[in-house]
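Visitor: I would like to go through this model with you. Please show it first, and then I will ask about its details.

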Amino acid sequence: MTMPQLGESVTEGTIEKWLVQPGDTVNKYDPIAEVNTDKVNAEVPSSYTGVIKELIANEGDTLEVGEVICSIEVEGGGSAEETSTQPEEKPSDAPEQKKSAAENRKSEPKKSNTRYSPAVMKMSQEHGIDLSLVEGSGKEGRITRKDLQKIIDSGEMPTAKDQVQESAPVATKAEPATKPSAPAQSIQSAPGDIEIPVTGVRKAIASNMLKSKHEAPHAWTMMEVDVTNLVHYRDSIKGDFKQKEGFNITYFAFFVKAVAQALKEFPQMNSMWAGDKIIQKKDINISIAVATDDALFVPVIKHADEKTIKGIGREINELAGKVRAGKLKSEEMQGGTFTVNNTGSFGSVQSMGIINHPQAAILQVESIVKRPVVMNNGMIAVRDMVNLCLSLDHRVLDGLVCGRFLQRVKEILENTSENTSVY
């Protein structure tokens, strides 16, 4: 069996955990391994019914799509490899051919494959690595993300001068070689410290956040909203709603619906920076942040402006369940145009989110708290208040449109009452 392609732009995956061992019997489509990519965690199903013969890849190994991960003895006595469409070799000369091929591989230098995967191209551009100077460890000298990560971790970037000095020494007196750049500072573990390996998902989060902070000039603004009527309305219907629909109606569903409605009225907020142009997206696809103990996933509610509060609530519930069960698919995290983050779920009252690249803004919905508020009649009353914190890409958005957008979200939320339908 080979590493499957777990997404449109996914070129490699890391074996996080084997779910089977040699000698285990599996049916076709049974999960045999947990694999993570830079997009999502997924279970790899067996392509055959049979007995696991050998686990070729180890846990922690990163392999390109199409590389062999294990062998299975299929029903009837054959192996999974034997069912492939490779040309048949004659038994008499097969050993000789294999020996010759092995000798050729040893004697010939590795050829660099000039076709690079999207992930490798992206990583090289982010860190300024010249791919023509990198020796790949993949099949036929192909450069993998693991090769680039080694270079980044070492802090020593390959240069053209280094390549010339290695391959073509000259007879004339050479200039003193430039000292390589100092490697990145290493943090040493002390007795009692716990070293936690960085997973593929955590690396993807770090890469995306770093790219966003480096590329997008972040600005930040906040608005407070009186959601007293919304709280009373939601609390009055939540029991009947749960009994009728089978899931909880949360405050967050009301916030996402309000944002989707405001995005329709202020489409500039639903835009992305594309170098020489700004792309204003037609579809309103809202990304929501869902955290686990060791990672953060951002599934997407597609066409959120066309859904009811009930429909949005159901999707929030289902997507969060998939994240925590490890069942979220890569396509369910693609296509987001604006992010809403429920930071209030753990008690935060004010925060500045990092924009989810390549989107232009992220809205943090903070905790709803009871506060004394001076009303229009001059009286003081206890009200349910919430802060909405907006981070924006100042290349795409300015304060005026963001202020008007937040005012519209505030207006929708403050006018939510028993006359608002969740259906």
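Visitor: Which residues touch the most other members of the largest nonpolar core?
Guide: This is a predicted model, and its largest nonpolar core has 60 residues. The members that touch the most others in that core are Met 269, Ile 286, Phe 338 and Phe 405.

Visitor: What does Phe 338 touch, leaving out residues up to four places away in sequence?
Guide: Among the contacts of Phe 338 are Val 259, Leu 263, Asn 270 and Leu 390. Its list also includes Met 269, Ile 286 and Phe 405, and these three are, like Phe 338, among the core members with the most contacts to other members. Further contacts of Phe 338 are Asn 285, Ser 287, Gln 359, Ala 361 and Leu 363.

Visitor: How many residues are in the other core that lies apart from it?
Guide: Met 1, Ala 33, Leu 63 and Ile 69 are among the members of that other core. Its size is 19 residues.

Visitor: Why is the pair of Tyr 233 and Phe 254 edge-to-face rather than stacked?
Guide: The structure holds four aromatic pairs. In the pair of Tyr 233 and Phe 254, the ring centres are 6.2 Å apart. Planes over 60 degrees apart count as edge-to-face. The planes of Tyr 233 and Phe 254 stand at 80°, so the pair is edge-to-face.

Visitor: Which helices does this pair link?
Guide: Tyr 233 and Phe 254 are 21 residues apart, and the pair links distant parts of the chain. Both residues are buried. Tyr 233 is in helix H6 (residues 228–245), and Phe 254 is in helix H7.

Visitor: Is Phe 247 buried or exposed?
Guide: The ring of Phe 247 pairs with that of Phe 241, with centres 5.3 Å apart and planes at 90°. Phe 241 has 3% relative accessibility and counts as buried. The cut-off for buried is under 20%. The relative accessible area of Phe 247 is 4%, so Phe 247 is buried.

Visitor: Which residue forms one aromatic cluster with Phe 241 and Phe 247?
Guide: Phe 241 and Phe 247 are an edge-to-face pair. The aromatic cluster that holds them also includes Tyr 423.

Visitor: Which ring does the charged end of Arg 234 sit over?
Guide: The charged end of Arg 234 is 4.4 Å from the centre of a ring. That ring belongs to Tyr 251.

Visitor: Which are the edge strands of the open sheet of three strands?
Guide: The strand order in this sheet is S2-S5-S7, with antiparallel pairing. S2 and S5 pair over two bridges, while S5 and S7 pair over five bridges. An edge strand here pairs on one side only, and the edge strands are S2 (25–26) and S7.

Visitor: What is the bridge partner of Glu 54 in S7?
Guide: S7 spans residues 70–74, and four of its five residues are buried. S7 pairs with S5 (residues 50–55) in the antiparallel sense. In S7, the partner of Glu 54 is Ser 71.

Visitor: Is Thr 144 buried or exposed?
Guide: Thr 144 is in the loop between helix H2 (118–127) and helix H3 (145–154). Its contacts include Glu 12, Glu 64 and Val 120. With a relative accessible area of 9%, Thr 144 is buried.

Visitor: What kind of peptide bond joins His 357 and Pro 358?
Guide: Pro 358 lies in the loop between S15 and S16, a loop that also holds Met 352. Omega for the bond from His 357 to Pro 358 is about 10°, and the bond is cis.

Visitor: Is Tyr 29 buried or exposed?
Guide: Tyr 29 is in the loop between S2 and strand S3 (31–36). Its phi is near 80°, a positive value in a residue other than glycine. The relative accessible area of Tyr 29 is 61%, so Tyr 29 is exposed.

Conventions
Residues are numbered from 1 along each chain as its sequence is written. This is a predicted model: local features need pLDDT of at least 70, side-chain atom pairs count only at pLDDT 80 or more; totals for chains, interfaces and linings use all residues. Side-chain values use heavy atoms; hydrogens and water are left out. A nonpolar core is a set of buried Ala, Val, Leu, Ile, Met, Phe, Trp, Tyr and Cys residues joined through side-chain atoms within 4.5 Å. Buried means under 20% relative accessible area, exposed over 50%, partly exposed in between (1.4 Å probe, protein chains only). Contact means heavy atoms within 4.5 Å. Rings of Phe, Tyr and Trp (its six-membered ring) pair if their centres lie within 6.5 Å; planes under 30 degrees apart count as stacked, over 60 as edge-to-face and the rest as tilted. A charge sits over a ring if NZ of Lys or CZ of Arg is within 6 Å of the ring centre and within 35 degrees of the ring normal. Two strands pair if DSSP finds at least two bridges between them.
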